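Look at the model below before reading on.

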Amino acid sequence: MSAGRFITLEGGEGAGKSTHGVFIRDWLQARGREVVLTREPGGSPLAEEIRRVVLQPWDEGVGAESEVLLMFAARAAHLKATVLPALAAGKDVVCDRFIDSSYAYQGAGKGLDERHLAALEALVLGSFRPDLTLVFDLPPEQGLARARGRGDANRFEDESLAYMRRVRECFLRRAAAEPGRCRVIDAAPPLEQVRQSLRVALEARL
Ligand code: TMP
């Protein structure tokens, strides 16, 4: 039995990660792999409950500190209940968002000091990292229009364009800093063209 691979999908709103996740799962299954498709925040009963809490609007507001702690609380539960057992059983895990989203949204977006993120990362992940991270890149204007067109906006999708630009820059910066782990996919072209880039990336990396 070959070891399971951990593949994470990152990017701003409306980049089509959920659709691409299904495509990647099917691509891996067609090659005989057992695959778990999951997401963050969420992916286990406890983590999904935290997701419900953290994504809804609160009259009192949600500070960046509360937000990051809830994201990492969900991540810890998800890793323990879902991700690590699947990888140990030799399955591939495809995860819609992971650690890079915390750096992008709570770090670059909300201005939390990266040292706090690194401390939480050390606590929750230790030395565990994705084998492959695909960053679906899209100008925020286009992403927000797509996300709003879907009609499933959460409070994160109400953030300003300047915030979304900082989020995008952070994803691109992290991808450039870790080329061995990350690959940027241009998510702006029509779906079939994005899938073609995705096939090329998967064939090269997996
Ligand atoms: P989704 O819309 O891709 O399901 O993601 C839900 C929201 O959660 C999205 O707006 C980004 C946000 N998020 C963070 O802010 N930090 C995190 O660590 C994660 C995993 C998600």
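## What counts as a pocket

A pocket is an open set of grid points with protein on both sides within 12 Å along at least five of seven lines. A molecule sits in a pocket if more than half of its atoms lie within 2 Å of the pocket's grid points. The model is predicted. In this model, the ligand sits in the largest pocket.

## The largest pocket

The volume of the largest pocket is about 540 Å³. Its lining is made of 28 residues. Nearest the centre of this pocket lie Glu13, Lys17, Arg51, Arg97 and Asn154. Sorted by class, the lining holds 11 charged, nine polar and eight nonpolar residues.

Which helices supply at least two residues each of this lining? They include helix 1 (17-29), helix 2, helix 3 and helix 4. Helix 4 gives the most, with four residues.

## The ligand and its shell

Around the ligand there are 15 residues. Those that come nearest are Glu13, Arg51, Arg97, Ser102 and Gln106. The shell divides into six charged, five nonpolar and four polar residues.

Three helices each supply at least two residues of the shell: helix 2 (45-55), helix 3 (64-88) and helix 4 (99-109). Helix 4 gives the most here, with four residues.

Now look at single atoms. In Glu13, an N or O atom of the side chain is 2.9 Å from an oxygen atom of the ligand. Arg51 has a polar side-chain atom that lies 2.9 Å from a ligand oxygen atom. For Ser102, the distance from a side-chain N or O atom to an oxygen atom of the ligand is 2.6 Å. A polar contact is a pair of N or O atoms within 3.5 Å, so these pairs qualify.

How much of the ligand's accessible area does the protein cover? On its own, the ligand has 480 Å² of accessible area, and the protein covers 93% of it.

Rolling a probe the size of a water molecule over the atoms shows where empty space is left. In a cavity the probe fits but cannot get out. The count comes to one cavity of 30 Å³ or more. The largest cavity has a volume of about 120 Å³.

The lining of the largest cavity has 15 residues. Gly12, Glu13, Leu138, Pro140 and Arg168 lie nearest its centre. Glu13 also lies among the residues nearest the centre of the largest pocket.

## Two backbone details

Where is the cis peptide bond? This bond joins Glu40 and Pro41, with omega at about -10 degrees. Pro41 is found in the loop between strand 2 (35-39) and helix 2.

Arg97 is not a glycine, yet its phi is positive, at about 80 degrees. Arg97 lies in the loop between strand 3 (92-96) and helix 4. Arg97 is also one of the residues that come nearest the ligand.

Conventions:
Residues are numbered from 1 along each chain as its sequence is written. This is a predicted model: local features need pLDDT of at least 70, side-chain atom pairs count only at pLDDT 80 or more; totals for chains, interfaces and linings use all residues. Side-chain values use heavy atoms; hydrogens and water are left out. A residue is near a molecule or strand if one of its heavy atoms lies within 4 Å of it. A polar contact is a pair of N or O atoms within 3.5 Å; within protein, one must be able to donate a hydrogen and the other to accept it, and residues adjacent in sequence count only if both atoms are side-chain atoms. Accessible areas come from the Shrake-Rupley method with a 1.4 Å probe; for residues, only the protein chains shown count as cover. On a 1 Å grid over the protein atoms alone, a cavity is a set of points where a 1.4 Å probe fits but cannot get out, and a pocket is an open set with protein on both sides within 12 Å along at least five of seven lines; lining residues have an atom within 4 Å of a point. Ala, Val, Leu, Ile, Met, Phe, Trp, Tyr, Cys and Pro count as nonpolar, Asp, Glu, Lys and Arg as charged, and the others, Gly among them, as polar. Grid points are joined across faces, edges and corners, and a volume is the space filled by probe spheres set on the points.
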